[in-house]
Amino acid sequence: MVEHGGLDLMCLNKSYSHSSTTSSSSSEREKKIFTKLKVSLTEDYPQKNAEILSGQYGTNLLLIGVSLMLAIAHHGASVKEEHLLSFITTLMILQLIWMIWYIVSRDRQSNLQPEKDVHATTCWIRGGLTLLALLSLIMDAFRIGYFVGYRSCVSAVLGVYPIIHATHTIAQVHFLWFHIKDVIKTFETFERFGVIHAVFTNLLLWCNGVMSEAEHFLNNHKRRLSSLGYVNLTIVDMEPHCNCTTSACSMFSNSLYYLYPFNIEYHIFVSAMLFVMWKNIGRSINLQYNRKRPATRTQGLVVGPILGLVALASTIGVLVVYIIHVEESMDTRESAIAMFYCYGIVMLVFMCSAGATGLLIYRADPMPMDTTKNPSRTLDTEILFGSSVGSWLMSWCSVVAVAASSSSPSYRWTNLMYSLLIVLEKYIQNLFIIESLYRQREDGEREDAEAAGPVPEIFSVTSSLAPPYNGIINRAYENPDKGCVTLENEQVENGQVYGTFSSRKHSAVPLHAGSNVAETPSKKRQILKNIAVFLFMCNISLWILPAFGCRPQYDNGLEQETFGFTIWTTVLNFAVPMNLFYRMHSVASLFEVFRRV
């Protein structure tokens, strides 16, 4: 009995040890599966899908806001303006919280120097955005004054919104100045959602400004048509149904629409800059690519600035005459429209000629294209093509209307020529800008030569003036700038202008009396610089006209006769904001072209 029990006990121990081994192996297998799942969720997953997830999140935010805008445009009783403003205010508050968190977390990591993308933006772009932000703050002040005057009959949201918007603008400008170049490497998934939230919040603010400005312009257009005898046009009353408690309410409401173009451009440019920051998250920066360019030389700038100033002055004259005469009788209205088209034809012919000349210069001196990864440059190219679609659609609709219309006003064929030139001018200008941005810089060869070692001419000058060695090797003389290399590299990595050391090198080396330290740009570069400046001024001119009310596409009647009032108005509400953005973005791109040449 004892032996039998012992055998049973041994068998039991064996089976227990076998089962424990099986359970331990299965638990290890489960741990491995859990570890793989954890790694796939925490490491591989964000790199692959976080960009798509955050992009979908931002797109849906924008679509919610656009849905509210479309409901408000119907002027129904269910959705009102305060609902949209409440939604946008909530988004701005969330962005403020994220920016504060980001700045505080960066300050806590002061020992870790974040990587910077020096091509993400420039000081002059941030300075221009700061100016646009100041004008936006003035608009917020007018909105607050407007709310104070009508506070007895309007929602409190109309007073809270400009206060939050002003706070949001100030905080965002601070963020753009000090953090827009950061390449984020920590909390990448969370930061992607924060940055994309900021991108689409500014896009929604842009859409809201575009809708308000378009509705105001459309009401003014309907008033002009009513004064000329057109009927069956519904004019929406924009003023609240109560008396204003201050004497400045009309001034506030009228001034708002002169400031809308600046506010609109501010938000679309901020969204583009933040999008570049979003694309830079987790990116590895090439230090050689990340070097800041030397200061731009401005020798030989005569013809381009003069022609550009002439174009700008004529633009202001055309704007004043058009706005005055379009409100009068039919004859003066037609003469104002014909004057605009003639002016536009002359302007576009000169712009096409300038852009074509620049492309011919590039073709005569072929250079390899720069294929390094540059998110800001890629975005510039995509925006140029994307924003061109609006004016191209508007131009081809005008071509169809001119060909199909039964009426024949005095400006019919000039409208046709103007529309075709708009298409051609954007073709040529886009090619010129993209060619300039993607061409390798010629001074890159000089930088490589300087990195390889001093040029022989400098040695020949110094050796003739130096005493003989007499068997003593002077190491300091062989490399006098050796001690400065480290500091110079630090300046390059920090994005500082490194013209100081080059000037020190030249001043430390004796030169012949007839030698020139500053290199004069070649004739080719001078011509390209003048072309860039001229196109820069022309694009500013073509932005000013539609931004401040000179829009003959509303007033000429040809397109409205062909497509109908509703369809043509819808086309213009899409095309005009896109065209305004194209012109302002072209201004920024052409300034970058001027700096690169």
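Visitor: Among contacts in the protein chain between residues at least 6 apart in sequence, what share joins residues at least 24 apart?
Guide: For this chain that share is 87%, where contact means heavy atoms within 4.5 Å. Keep in mind that the model is predicted: local features need pLDDT of at least 70 and side-chain atom pairs count only at pLDDT 80 or more, while totals for chains, interfaces and linings use all residues. Residues are numbered from 1 along each chain as its sequence is written, and side-chain values use heavy atoms, with hydrogens and water left out.

Visitor: How many helices and strands does the protein chain have?
Guide: There are 19 helices and two strands, taken as DSSP runs numbered from the N terminus (helices H or I, at least four residues; strands E, at least two). The accessible surface of the chain is about 31,100 Å², by the Shrake-Rupley method with a 1.4 Å probe. Carbon and sulfur atoms account for 65% of that surface.

Visitor: What makes Lys 181 count as buried?
Guide: Buried means under 20% relative accessible area, exposed means over 50%, and partly exposed is in between. Lys 181 has 18% relative accessibility, and therefore counts as buried. Of the 597 residues of the chain, 44% count as buried. You will find Lys 181 in the loop between helix 4 (157-179) and strand 2 (182-183). Apart from neighbours within four places in sequence, Lys 181 touches Glu 115, Lys 116, Asp 117, Val 118, Ala 120, Thr 121 and Arg 126.

Visitor: Why is His 174 called partly exposed?
Guide: Its relative accessible area is 36%, so His 174 belongs to the partly exposed class. His 174 sits in helix 4, and its C-alpha atom is 9.8 Å from that of Met 99, 75 residues away along the chain.

Visitor: And what makes Val 400 partly exposed?
Guide: Here the value is 45%, and Val 400 therefore counts as partly exposed. Val 400 is part of helix 9 (residues 375-404).

Visitor: What makes helix 7 roughly parallel to helix 16?
Guide: Helix 7 and helix 16 (residues 523-547) cross at roughly 10°, with axes that come within 7 Å. That angle is why helix 7 is called roughly parallel to helix 16. Among the residues in contact are Leu 312 and Leu 319 of helix 7 and Phe 534 and Met 537 of helix 16. The contact of helix 7 with helix 16 has 15 nonpolar, five polar and no charged residues; Ala, Val, Leu, Ile, Met, Phe, Trp, Tyr, Cys and Pro count as nonpolar, Asp, Glu, Lys and Arg as charged, and the others, Gly among them, as polar.

Visitor: Why is helix 6 called oblique to helix 9?
Guide: The axes of helix 6 (residues 249-279) and helix 9 cross at roughly 135° and come within 9 Å. Helix 6 is therefore oblique to helix 9. Ala 272, Phe 275, Val 276 and Lys 279 of helix 6 meet Pro 375, Ser 376, Leu 379 and Ile 383 of helix 9. By class, the contact of helix 6 with helix 9 has six nonpolar residues, one polar and one charged.

Terms used: Buried means under 20% relative accessible area, exposed over 50%, partly exposed in between (1.4 Å probe, protein chains only). Axes are lines fitted to C-alpha atoms, for helices over the stretch in contact, and angles run from 0 to 180 degrees between N-to-C directions. Angles under 35 degrees count as roughly parallel, over 145 as roughly antiparallel, 65 to 115 as roughly perpendicular and the rest as oblique.
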